[in-house]
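Hi,

Here is the structure I promised to pass on. Have a look at it first, and then read my notes below.

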Amino acid sequence: GFTARYHVDSQKQPYGSVALLRVKLEHRHAPTFLGQPVPQSVKVHIESQLQLGVDPVHLASKLQQKALDRRNREAPLIDRVSFLPKSYFKARNRILNSKAIEMDKNDYKSVALSIKERWQDSVLFYHPLGCDGDGLSPKVFCLVIASCFQQSLLERYGTSVHMAFFDGTHGVVKYRNFSLFTMLVINDEGHGYPAGWMLANSKDMTVQSRFLRVLQSIVPKFEPGAFMVDEDPAARGALEKIFPHARVYFCDFHLWRAWGKRLGRLNLAITPEMEDHLVKLRRSAHEEEFEHSLEALRKNSSETVNGQKFWEYLLSNYLYKGKYWAGYLRYFQQPTNNHLESWHNNLKTNHLKRKSKMRIDHFVHCLLERVELEVFQKALRSAPDLGELLKNSRSKPQNVEIPDVTGKNLHSIKEE
């Protein structure tokens, strides 16, 4: 299993002598038991160490270091695992984690069992595929999650003087058309906290309305003064339906990106003067300045055919609903949805490792066991007085009715 060889570079000198220029030793450790199954005793030893919390890479290095000790050369355990690749140990660790998370090989059944036995304190609403009778289609999968701690955040930072942020992101599980919708609140210092999630395979207004209605029914004091969304008409309609007294604002970043794309399609150069007027439309706190920039933009746009097309685009899509985006009609400081966009990026980068191949039960486990704990610790660091308010709040069970779909013709979940 061990090979070594020397590479020697030399140069012949006058009178027959030889000068060594470089001597290099190359060696390679090949797996001694390559192609042979790992004995069960070895697997038990490795799994016992992993269950104790030993890092897979650390375990592999430790065993390999022992194998290099002369006193351990005859030990069958060390010999068998001395040069197994570190990927083997990582794979065994993933298998152990899967065994702990998956309550059934069928992802759909595992989710239902987990809600009954492990997630009952955090799942507020569950509509499985194939279920009918609660206002959602049998083709819809919908799971609403908010721990007792997150509900406390909704109550504390979801008042009439606060703004909440609502948006969805895709690519979090391995099935097609599934999205994670997040309700994020911010404290008085500007720190954002995800306070509710919905995993669903539909983005229509009915499904988003159900998410909002569930949050409102569980936390009656959750009545933000405003919501920030992108330009999704389903999200806007759902918010106006469930929270009719709250203001709804478009994210300024998404708005400017949409305008920029339209200008690009029309081959219109964004001059400094045009950019200044467009910024004032979106950001100016004075109505007079808004009207002045609007009139100037109308005159400039009428000079060219494509400019007139851009003006008609603004008329037909934005000017009649200025309450969603006009600067002088914004009564909250935050102009963009960047708090939520940043959090979604953190979730996918640091927790999902930019992979969307998770089962649903694994993903929900990640949200409740890792992400929610991270949010809890961040909230306590930012507002220490939350400690007394949230005492024992992370262990209060919710009464969640799990629909019985036994024997029904369930719709299959298609993978990406």
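Let's start with a question: are Tyr-157 and Tyr-193 buried or exposed? Both of them are buried. Keep in mind as you go through this that the model is predicted.

Now for the rings themselves. A pair of aromatic rings is described by how far apart the centres are and by the angle of the planes. The count for this model comes to 19 aromatic pairs. For Tyr-157 and Tyr-193, the ring centres are 6.2 Å apart and the planes are at 25°, so this pair is stacked; the angle has to be under 30 degrees for that. Tyr-157 belongs to helix H6 (residues 148-157) and Tyr-193 to strand S7 (residues 192-200), so the pair ties together parts that are 36 residues apart in sequence.

Phe-227 and Phe-243 make another aromatic pair, and this one is tilted, with 5.0 Å from centre to centre and 45° between the planes. You'll find Phe-227 in strand S8 (residues 226-229), while Phe-243 is in the loop between helix H8 (233-242) and strand S9 (247-250), so here the pair ties together parts 16 residues apart in sequence. Phe-227 has 0% relative accessibility, so it counts as buried. Phe-243 counts as buried too, because its relative accessibility is 1%; the cut-off is under 20%.

There is also a cluster to look for: ring pairs link Trp-259, Phe-290, Phe-310, Tyr-313, Tyr-318, Trp-325 and Tyr-328. Tyr-318 turns up again with a charge, as the charged end of Lys-321 sits over the ring of Tyr-318, 5.9 Å from its centre.

H7 has 14 residues and spans 20 Å from its first C-alpha to its last, close to the 20 Å expected at 1.5 Å a residue. Its buried residues include Val-207, Phe-211, Leu-212, Val-214 and Leu-215.

Finally, the whole chain. The protein chain has 15 helices and nine strands, and 45% of its 416 residues count as buried. Of the contacts between residues at least 6 apart in sequence, 64% join residues at least 24 apart. The accessible surface of the chain comes to about 22700 Å², and 49% of that belongs to carbon and sulfur atoms.

Note on methods: Residues numbered from 1 in each chain as written. Predicted model: local features only at pLDDT ≥ 70, side-chain atom pairs only at ≥ 80, totals over all residues. Heavy atoms only, no water. Phe/Tyr/Trp six-rings, centres within 6.5 Å; stacked < 30°, edge-to-face > 60°. Helix = DSSP H or I, 4+ residues; strand = E, 2+ residues; numbered from the N terminus. Buried < 20%, exposed > 50% of the residue type's maximum accessible area, 1.4 Å probe, protein only. Lys NZ or Arg CZ within 6 Å of the ring centre and 35° of its normal. Expected span 1.5 Å × (residues − 1). Contact = heavy atoms within 4.5 Å. Areas by Shrake-Rupley, 256 points an atom, 1.4 Å probe, with all protein chains shown as cover.
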